[in-house]
Amino acid sequence: MQENIKKSQYDALVIGGGIAGGEAALNLANNGYKVLVVEKDLTIGGKMILLSKVFPTLDCAACITTPKVSEISRHAGITIFTSSEVTAVTKNNEGRFVASVTKRPRYVVTEDCTGCQLCEQACPVNVPDQYQLGLIGRKAAFIPFNIASPRVAAIDIDNCTLCGACEKACPTKCIDFTQETEEYSIEAKTVIVATGFNLFDPLKMPRYGYGKMKNVITSMQMERQLAPTRPFNTILRPGDGKVPDKIAYVLCTGSRDASVGNPVCSQICCMYSIKQAQLLMGALPMADITIYYINIRSFGKGFEEFYEQAKGMGVNFVKGKIGTITEKENGNLILRYEDINEGVVKEAEHDMAVLSVGVLPNETPSALFKNRELKVDAQKFVYQPEVLVSPARTSIDGVFVSGTASGPMDIPDSILSAGSAAAEAISYLNSKP
Ligand code: SF4
Ligand code: SF4
């Protein structure tokens, strides 16, 4: 087993290939450093590559992410492992980091796949598509989505029946069921933790009916319906495929709520909901969009103006906390809420409800470090001991944090954080012999 472990050395190991990890890697590589990016998913670009537009400018997220992802994947100084996970990191006596990395098989020879999708067409298996948040299905032989990087097929071996149809259809014969898991031992002088965040699981709030009522969806599912790589050509409610005309947003789902273990504000939910409301008014001009909120936190540059713009466009804002959502026979939803201004309980009928789910820490990174402690803060995000003077520093000398691994933040702040992590890592590398 020991002889099968492949060894290699890099200046920097970046854990996570989302926008914060990719940007940090790019900054390091542009300064001449050799970087390895380890991404657990089949594609780099993280959550941003799946979004519709960004607030408050309404620029197309994919149009920003795609060239960036392309630059990262083509950079001679950057090696990318997708479908791979860092399982342990130790710091040795020479001050170098040694990481164990597991690379799962894709069952497709990446270099030979042309992305023609003939394997997809031939595959008889249909399972929920995780990149479309289960709104549609995908095949067991599949390309994650059209702007995935790499845009290469993969075999979902857990759902594959080994029927062989994809192999027969593939014109380059690049499907290879003999591929096995590979183990690597990576030595790096510095590590950047860019493991991102998790979204709150609304199943933990059964009173909102998610998972039981088909027309209650999450904001990420709505994001996919609005994105350029969307599953349908319009907005549809999942219960019956009807175009909705009375949509409700439930802000602070899983944020500012100690009863579900997350008492803090997720910082981005107000603004992404206002963004989606504006996009919906464009996509469905006759629709009635209501945002139920506790407070609107529009604290960033241009955010307040963006909020005012939504009001001017006709989005309804109701200062109200949603208690329960119940379903009528026709699939419409009754939202029971406290009208905070009037101090009374009211009910309103909508044909679709979008839960604006909050941001939770990804608790993976602290468990990776074996002989040094990667400290976390009270909310379990990576702790920044010198947040005001050296925001990317962590409790381990030589390990830096980039993006939402250190706490909720929007995309511009993630990019800034990535720049800071790269600059601090470069300074650290320059200080070493
Ligand atoms: S071998 Fe698996 S992936 Fe290929 S077509 Fe059959 S079920 Fe689909
Ligand atoms: S695996 Fe083969 S059939 Fe599938 S996309 Fe790649 S080249 Fe085309």
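In this predicted model, C60 and C63 are joined by a disulfide in which the two sulfur atoms lie 2.5 Å apart. Such a link is a covalent bond between the sulfur atoms of two cysteines. The structure holds 1 disulfide, and the link of C60 and C63 is right-handed, with 80° about the S-S bond. The two partners fall into separate accessibility classes: C60 is buried, because its relative accessible area of 19% is under the 20% cut-off, whereas C63, at 52%, is over the 50% cut-off and is therefore exposed. C270, by contrast, takes part in no disulfide; the nearest cysteine sulfur belongs to C252 and is 5.7 Å away. C270 is buried, with a relative accessible area of 9%.

With regard to overall architecture, the chain contains 9 helices and 22 strands. Its radius of gyration is 23 Å, close to the 22 Å given by the globule rule for 433 residues, so the chain is as compact as a globular protein of that length. The C-alpha trace spans about 65 × 60 × 35 Å along its principal axes. Of the 433 residues, 53% count as buried. Among contacts in the chain with a separation of 6 or more, 66% are accounted for by residues 24 or more positions apart. The chain exposes about 19100 Å², and carbon and sulfur atoms supply 51% of this area.

Helix α5, which covers residues 219-226, is largely enclosed by the rest of the structure, because 8 of its 8 residues are buried. The buried residues of α5 are S219, M220, Q221, M222, E223, R224, Q225 and L226. The elements that cover them include the strands β3 (53-54), β13 (197-199), β14 (216-218), β15 and β20 (352-357), together with helix α6 (269-283).

Strand β15, one of the elements covering α5, spans residues 246-253 and includes T253. T253 has a relative accessibility of 0% and therefore counts as buried. Neighbours within four places in sequence being left aside, the contacts of T253 are with F200, M205, Y208, L355, S356, V357 and G358. Among these partners, L355, S356 and V357 fall within the residue range 352-357 of β20, which likewise contributes to the cover of α5.

Notes: Residues are numbered from 1 along each chain as its sequence is written. Chains are lettered from A and ligands numbered from 1 in the order in which they are written. This is a predicted model: local features need pLDDT of at least 70, side-chain atom pairs count only at pLDDT 80 or more; totals for chains, interfaces and linings use all residues. Side-chain values use heavy atoms; hydrogens and water are left out. Helices (H or I, at least four residues) and strands (E, at least two) are DSSP runs, numbered from the N terminus. Buried means under 20% relative accessible area, exposed over 50%, partly exposed in between (1.4 Å probe, protein chains only). Contact means heavy atoms within 4.5 Å. The radius of gyration is taken over C-alpha atoms; the globule rule is 2.2 Å times the number of residues to the power 0.38. Accessible areas come from the Shrake-Rupley method with a 1.4 Å probe; for residues, only the protein chains shown count as cover. A disulfide is a pair of cysteine sulfur atoms within 2.5 Å.
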